[in-house]
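Work through the exercises below with the model open beside you. Try each task before reading its solution.

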Amino acid sequence: PGEDPQVYVERMASEKARAALHRLEHEMAELRDGWVVAADTVVIVDGDTLSKPLDEDEARAQIRRLSGRAHDVVTAVAIARVGGPFDVFFERTTVHFRTLASAEIDAYVATGEGRDKCGAYGIQGMGAGLVTRVEGCYFNVVGLPISRTLARMVELGALTCWP
(Lines give C-alpha, C1' and ligand atoms only; values in the text may rest on other atoms or scores of the structure.)
Protein backbone atom coordinates (compact mmCIF):
# COMPACT_ATOMS: atom_id res chain seq x y z
CA PRO A 1 0.00 0.00 0.00
CA GLY A 2 1.22 3.48 -0.91
CA GLU A 3 4.02 2.22 -3.16
CA ASP A 4 4.35 3.98 -6.51
CA PRO A 5 2.83 1.66 -9.17
CA GLN A 6 5.90 1.81 -11.44
CA VAL A 7 8.23 1.08 -8.52
CA TYR A 8 5.93 -1.78 -7.49
CA VAL A 9 5.93 -3.52 -10.90
CA GLU A 10 9.68 -3.06 -11.28
CA ARG A 11 10.21 -4.57 -7.83
CA MET A 12 7.87 -7.49 -8.53
CA ALA A 13 9.42 -8.29 -11.93
CA SER A 14 12.89 -8.12 -10.33
CA GLU A 15 11.86 -10.39 -7.45
CA LYS A 16 10.38 -12.93 -9.88
CA ALA A 17 13.57 -12.88 -11.96
CA ARG A 18 15.80 -13.26 -8.88
CA ALA A 19 13.72 -16.23 -7.70
CA ALA A 20 14.04 -17.88 -11.10
CA LEU A 21 17.79 -17.18 -11.20
CA HIS A 22 18.14 -18.75 -7.76
CA ARG A 23 16.38 -21.90 -9.03
CA LEU A 24 18.60 -22.01 -12.11
CA GLU A 25 21.72 -21.61 -10.02
CA HIS A 26 20.82 -24.07 -7.26
CA GLU A 27 18.32 -26.57 -8.64
CA MET A 28 18.69 -26.68 -12.41
CA ALA A 29 22.38 -26.89 -13.17
CA GLU A 30 21.71 -27.96 -16.78
CA LEU A 31 19.98 -24.60 -17.41
CA ARG A 32 22.45 -22.43 -15.50
CA ASP A 33 23.55 -20.63 -18.68
CA GLY A 34 19.96 -19.82 -19.62
CA TRP A 35 18.20 -16.49 -19.52
CA VAL A 36 15.20 -15.51 -17.42
CA VAL A 37 12.40 -13.19 -18.49
CA ALA A 38 9.99 -12.12 -15.75
CA ALA A 39 7.21 -9.56 -15.84
CA ASP A 40 4.55 -7.96 -13.69
CA THR A 41 1.62 -5.81 -14.81
CA VAL A 42 -0.71 -3.40 -13.03
CA VAL A 43 -3.69 -1.25 -13.99
CA ILE A 44 -3.56 2.34 -12.75
CA VAL A 45 -6.53 4.69 -12.49
CA ASP A 46 -6.53 7.99 -10.58
CA GLY A 47 -3.10 7.07 -9.24
CA ASP A 48 -4.48 3.89 -7.64
CA THR A 49 -3.24 0.42 -8.49
CA LEU A 50 -5.94 -2.10 -9.33
CA SER A 51 -4.93 -5.64 -8.50
CA LYS A 52 -6.62 -8.92 -9.33
CA PRO A 53 -10.15 -8.79 -7.92
CA LEU A 54 -10.79 -10.88 -4.82
CA ASP A 55 -14.39 -11.67 -5.81
CA GLU A 56 -17.15 -10.72 -8.24
CA ASP A 57 -18.16 -7.66 -6.22
CA GLU A 58 -14.64 -6.26 -6.44
CA ALA A 59 -14.49 -7.14 -10.15
CA ARG A 60 -17.74 -5.22 -10.76
CA ALA A 61 -16.39 -2.24 -8.81
CA GLN A 62 -13.16 -2.23 -10.84
CA ILE A 63 -14.94 -2.44 -14.21
CA ARG A 64 -17.41 0.25 -13.09
CA ARG A 65 -14.48 2.46 -12.15
CA LEU A 66 -12.90 2.00 -15.59
CA SER A 67 -16.17 2.52 -17.49
CA GLY A 68 -16.20 5.54 -19.80
CA ARG A 69 -12.65 6.60 -19.11
CA ALA A 70 -8.96 5.97 -19.68
CA HIS A 71 -6.54 4.09 -17.47
CA ASP A 72 -2.89 3.08 -17.73
CA VAL A 73 -1.45 -0.40 -17.87
CA VAL A 74 2.17 -0.62 -16.75
CA THR A 75 4.32 -3.71 -17.19
CA ALA A 76 7.86 -4.09 -15.92
CA VAL A 77 10.08 -6.69 -17.56
CA ALA A 78 13.24 -8.11 -16.01
CA ILE A 79 15.72 -9.94 -18.26
CA ALA A 80 18.61 -11.65 -16.50
CA ARG A 81 21.21 -14.39 -16.58
CA VAL A 82 23.06 -16.14 -13.78
CA GLY A 83 26.28 -14.18 -13.27
CA GLY A 84 25.39 -11.89 -16.14
CA PRO A 85 23.34 -8.83 -16.91
CA PHE A 86 20.20 -7.95 -14.96
CA ASP A 87 18.06 -5.47 -16.87
CA VAL A 88 14.64 -4.04 -15.96
CA PHE A 89 12.47 -1.76 -18.07
CA PHE A 90 8.84 -0.78 -18.08
CA GLU A 91 6.18 -0.07 -20.68
CA ARG A 92 3.08 2.11 -20.21
CA THR A 93 -0.06 1.86 -22.36
CA THR A 94 -3.25 3.91 -22.07
CA VAL A 95 -6.54 2.03 -22.54
CA HIS A 96 -9.90 3.74 -23.08
CA PHE A 97 -13.11 2.00 -22.01
CA ARG A 98 -16.51 2.77 -23.44
CA THR A 99 -19.30 3.69 -21.03
CA LEU A 100 -20.86 0.48 -19.77
CA ALA A 101 -24.35 -0.17 -18.46
CA SER A 102 -24.66 -2.03 -15.15
CA ALA A 103 -26.14 -5.04 -16.96
CA GLU A 104 -23.10 -5.16 -19.28
CA ILE A 105 -20.74 -5.03 -16.31
CA ASP A 106 -22.66 -7.80 -14.55
CA ALA A 107 -22.67 -9.97 -17.69
CA TYR A 108 -18.95 -9.50 -18.30
CA VAL A 109 -18.01 -10.22 -14.69
CA ALA A 110 -20.21 -13.34 -14.77
CA THR A 111 -18.02 -14.78 -17.57
CA GLY A 112 -15.17 -15.07 -15.05
CA GLU A 113 -12.68 -13.91 -17.67
CA GLY A 114 -11.26 -11.10 -15.55
CA ARG A 115 -11.08 -13.08 -12.32
CA ASP A 116 -7.30 -13.50 -12.46
CA LYS A 117 -6.42 -10.21 -14.15
CA CYS A 118 -5.54 -6.77 -12.82
CA GLY A 119 -8.36 -4.38 -13.55
CA ALA A 120 -10.75 -7.36 -13.78
CA TYR A 121 -10.65 -7.63 -17.58
CA GLY A 122 -8.80 -9.45 -20.33
CA ILE A 123 -8.31 -7.38 -23.48
CA GLN A 124 -7.30 -10.51 -25.40
CA GLY A 125 -10.75 -12.08 -24.90
CA MET A 126 -14.28 -10.81 -24.45
CA GLY A 127 -12.86 -7.80 -22.62
CA ALA A 128 -11.88 -6.42 -26.03
CA GLY A 129 -15.51 -5.35 -26.31
CA LEU A 130 -15.04 -2.99 -23.35
CA VAL A 131 -12.22 -1.08 -25.07
CA THR A 132 -12.62 1.78 -27.56
CA ARG A 133 -8.96 2.70 -28.03
CA VAL A 134 -5.44 1.67 -27.06
CA GLU A 135 -2.57 4.16 -27.04
CA GLY A 136 0.69 2.27 -27.03
CA CYS A 137 1.58 -1.40 -27.07
CA TYR A 138 -1.45 -3.72 -27.16
CA PHE A 139 0.68 -6.67 -26.03
CA ASN A 140 1.68 -4.71 -22.93
CA VAL A 141 -1.99 -4.76 -21.89
CA VAL A 142 -2.01 -8.53 -22.35
CA GLY A 143 0.99 -8.69 -20.00
CA LEU A 144 4.23 -8.58 -21.99
CA PRO A 145 5.42 -5.86 -24.40
CA ILE A 146 6.73 -8.44 -26.85
CA SER A 147 8.46 -6.24 -29.44
CA ARG A 148 10.39 -4.23 -26.87
CA THR A 149 11.24 -7.39 -24.89
CA LEU A 150 12.65 -9.12 -27.97
CA ALA A 151 14.66 -6.04 -28.95
CA ARG A 152 16.10 -5.78 -25.44
CA MET A 153 16.95 -9.51 -25.45
CA VAL A 154 18.94 -9.00 -28.67
CA GLU A 155 20.74 -5.98 -27.13
CA LEU A 156 21.68 -8.04 -24.05
CA GLY A 157 22.79 -11.08 -26.06
CA ALA A 158 19.95 -13.34 -24.90
CA LEU A 159 18.96 -13.71 -28.56
CA THR A 160 21.37 -13.47 -31.47
CA CYS A 161 18.80 -11.75 -33.66
CA TRP A 162 15.11 -11.25 -34.22
CA PRO A 163 13.59 -12.67 -36.32
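The exercises go from the whole chain to single residues, and the model is a predicted one.

**Exercise 1. The chain as a whole**

Task: State how many helices and strands the protein chain has, and give their pattern along the sequence.

Solution: 
- Step 1. Count the elements: the protein chain has five helices and five strands.
- Step 2. Read along the sequence. The pattern is α-β-β-α-β-β-α-β-α-α.
- Step 3. The C-alpha atoms fill a box of roughly 55 × 30 × 30 Å along the principal axes.
- Step 4. Look at the contacts between residues at least 6 apart in sequence. Of these, 68% join residues at least 24 apart.

**Exercise 2. Surface and charge**

Task: Find what share of the residues is buried, and how far apart the mean positions of the positive and negative charges are.

Solution: 
- Step 1. Take the 163 residues of the protein chain; 41% of them count as buried.
- Step 2. Turn to the charges. There are 18 positive and 24 negative ones, and their mean positions are 1 Å apart.

**Exercise 3. Strand by strand**

Task: For β1 with β3, β3 with β4, and β4 with β5, give the number of bridges. Then place some facing residues.

Solution: 
- Step 1. Start with β1 (residues 35–45) and β3 (residues 70–81). They run antiparallel and are joined by 10 bridges. Thr 41 stands opposite Thr 75 in β3. Val 43 faces Val 73 of β3 in the pairing.
- Step 2. Move on to β3 and β4. Their antiparallel pairing has 11 bridges. Here Val 74 stands opposite Arg 92, and Asp 72 stands opposite Thr 94.
- Step 3. Finish with β4 and β5. Four bridges join these antiparallel strands. Thr 94 stands opposite Glu 135 in β5.
- Step 4. Ask how well β3 is covered. Of its 12 residues, 10 are buried, so by the cut-off of under 20% relative accessible area β3 is mostly covered.

**Exercise 4. Two residues compared**

Task: Decide whether Thr 149 is buried or exposed. Then classify Arg 133 in turn.

Solution: 
- Step 1. Locate Thr 149: it lies in helix α5.
- Step 2. Apply the cut-off. Thr 149 has 3% relative accessibility, so it counts as buried.
- Step 3. List its contacts, leaving out residues up to four places away in sequence. Thr 149 touches Val 37, Val 77, Ile 79, Phe 89 and Leu 144.
- Step 4. Locate Arg 133: its place is in strand β5.
- Step 5. Classify it. Arg 133 counts as partly exposed because its relative accessibility is 44%.
- Step 6. List its contacts beyond neighbours within four places in sequence. Arg 133 is in contact with Thr 94, Val 95 and His 96.
- Step 7. Compare Arg 133 with Arg 64. They are 69 residues apart along the chain, and their C-alpha atoms are separated by 17 Å.

Key
Residues are numbered from 1 along each chain as its sequence is written. This is a predicted model: local features need pLDDT of at least 70, side-chain atom pairs count only at pLDDT 80 or more; totals for chains, interfaces and linings use all residues. Side-chain values use heavy atoms; hydrogens and water are left out. Two strands pair if DSSP finds at least two bridges between them. Helices (H or I, at least four residues) and strands (E, at least two) are DSSP runs, numbered from the N terminus. Buried means under 20% relative accessible area, exposed over 50%, partly exposed in between (1.4 Å probe, protein chains only). Contact means heavy atoms within 4.5 Å. Lys and Arg count as positive and Asp and Glu as negative; His and the chain ends are not counted. The place of a charge is taken as NZ of Lys, CZ of Arg, CG of Asp or CD of Glu.
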